Amino acid sequence: MAISTHSIRSSAATAWETDGAVVIFRAGHGGFGPKARAVDHAIGGAAGRAASAPRFSGKSGDCIDILAPVGLKARRVVVLDLGDPAALTALSASRAGSSLARHLENEGEQTALVLFETSAGAALAGNDLLAQILLGMRLRNYRFALMARTEKAFDLTLTLEHDEAEAKPLVRSEAVADGVALARTLVNYPASHLNPDNFADYLEPLQAAGIAVEVLDKAELERLGMGAILAVGNGSARGPRVIVLRYKGAEGQPLALVGKGMCFDAGGLCIKTGPQMFTMKGDMGGAAAVIGAMLALARQKAAVHVVGVLGVAENMLSGSSYKPGDIVTTMSGRTVEVFDTDCEGRMVLADVLHYTATRFQPKAIVDLATLTYSVMRGLGHAFAGLFATHDELANGLLAAGEATGERFWRLPLDPAYEENLISPIADLRQHGRDLEDGDAPVAAAFLKTFAEGVPYVHLDIAGKELIDQDRLHARAGGAGFGVQLLEEWITSGAAAKFRG
């Protein structure tokens, strides 16, 4: 992300002296504010006339250009519409910011003077509004480091002209953007670059932000009896790890975030097809979301106590791979009868959830995992799946998802699905008798067992880790999905209000 806000000052007549673009705002059919009207007056009313064009309908995110405006040194004046002030939300504002960044990039403008102002009666105003616009611009401008040789980063330097106000929303905006960017980068890295051996090396930004990083290697996992994650990792030359992240911005019982971190999933002996395997570098999207969310919290110095626990492994094929029919003893002491080695995510999480619940005794556990094809078939791309033991936890996360655009649909976590987990020779089956028969809720029922009674939410984010085409907030590649959801849920206070 290359947006510099190095020059922030109060309004002044000389501020309009720029060779690049001047950006003014329009409030839908409510029209221009004082700053925009002053610019419009300076260019002979050209902005007002352009804004009356039929295609400029007053929709949030609409951009229109006035090129080589007479009366200003600037190459262009860009009018960004924010829509009806009363209908402004954090999400619509960030999407408007993304639209502006895309417009400036398409036009090749690398410097912009933003004359920020809000309209009377705006539902979101001041630095809360500005922060969301900047968040959208930063999200849009993300570039993956390995693309540097083929696609140069678009360096957009902003000079912001706005009234001085409380800076906390701006700090939060930048922190969230940093968290999403890190999560996207981790998902974008292929297994040739990111694997269990070097995973912790990519967590230096967390340590710099004050997050303690602890790595449990294979020998320590063996000592702890983590038979499930060890079974999954046995087929790889790179042993599995459990990585613990601790951010203590407040005292008290922690909240725990658990992430599935499969750096690559070939399916094990139940091997995937080639097309299924191609996107499996993103099977650590749950771990990436936890990492990004914790960075966002630490960078803004949020007053919360959060523990992140990541199960990091590769599911490969070799003579030491675990096999269908194996019985695996988990850290909890429960035995699991294996049916499909490609159902490795629930095996990894079984040990990590038990470890998290018993070591940290958190007030709640939320796990994120690219877990099942079943949830993708059931919900498509509009929603990810949410399973919860407590309505209050579910409602808080659902609301955070709506606020950030990372939407979830609640699915059943019901004892009926536990009947599918009965094995004649082990404590649990690994999955139901038919993978096509509700595998997502059966997997959630399996995982709940290992939360050991701690209030629990399972987020099945399969299909959300990568996007295959450019969207307003992101380009094709790693999506960083889940970072904004978790950060919003925690900083909004919804997580803190939960008492179990």
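## The second largest cavity

In this predicted model, helix H10 gives the most to the lining of the second largest cavity, supplying three residues. H10 spans 285–299, and helix H5, which covers 168–188, likewise supplies at least two residues of that lining. The space in this cavity comes to about 40 Å³.

The residues around the second largest cavity are Ala183, Val187, Gly285, Ala288, Ala289, Ile461, Lys464, Glu465, Gly480 and Phe481. Sorted by class, six of the lining residues are nonpolar, two are polar and two are charged.

## The largest cavity

A search of the whole structure finds two cavities of 30 Å³ or more, and the largest of them holds about 110 Å³ of space. This largest cavity is lined by 15 residues, of which Ala27, Leu82, Glu117, Thr118 and Ser119 are the closest to its centre. Its lining is made up of eight nonpolar, five polar and two charged residues.

## The protein as a whole

The protein contains 16 helices and 19 strands. Its radius of gyration is 25 Å, close to the 23 Å that the globule rule gives for 500 residues, so the protein is as compact as a globular protein of that length. Along the principal axes, the C-alpha atoms fill a box of roughly 85 × 50 × 40 Å.

When contacts between residues at least 6 apart in sequence are considered, 77% of them join residues at least 24 apart.

How values were computed: Residues numbered from 1 in each chain as written. Predicted model: local features only at pLDDT ≥ 70, side-chain atom pairs only at ≥ 80, totals over all residues. Heavy atoms only, no water. 1 Å grid on protein atoms, 1.4 Å probe; cavity = no way out; pocket = protein on both sides within 12 Å on 5 of 7 lines; lining within 4 Å. Points joined across faces, edges and corners; volume = space filled by probe spheres on them. Nonpolar A, V, L, I, M, F, W, Y, C, P; charged D, E, K, R; others polar. Helix = DSSP H or I, 4+ residues; strand = E, 2+ residues; numbered from the N terminus. Rg over C-alpha atoms; globule rule 2.2 N^0.38 Å. Contact = heavy atoms within 4.5 Å.
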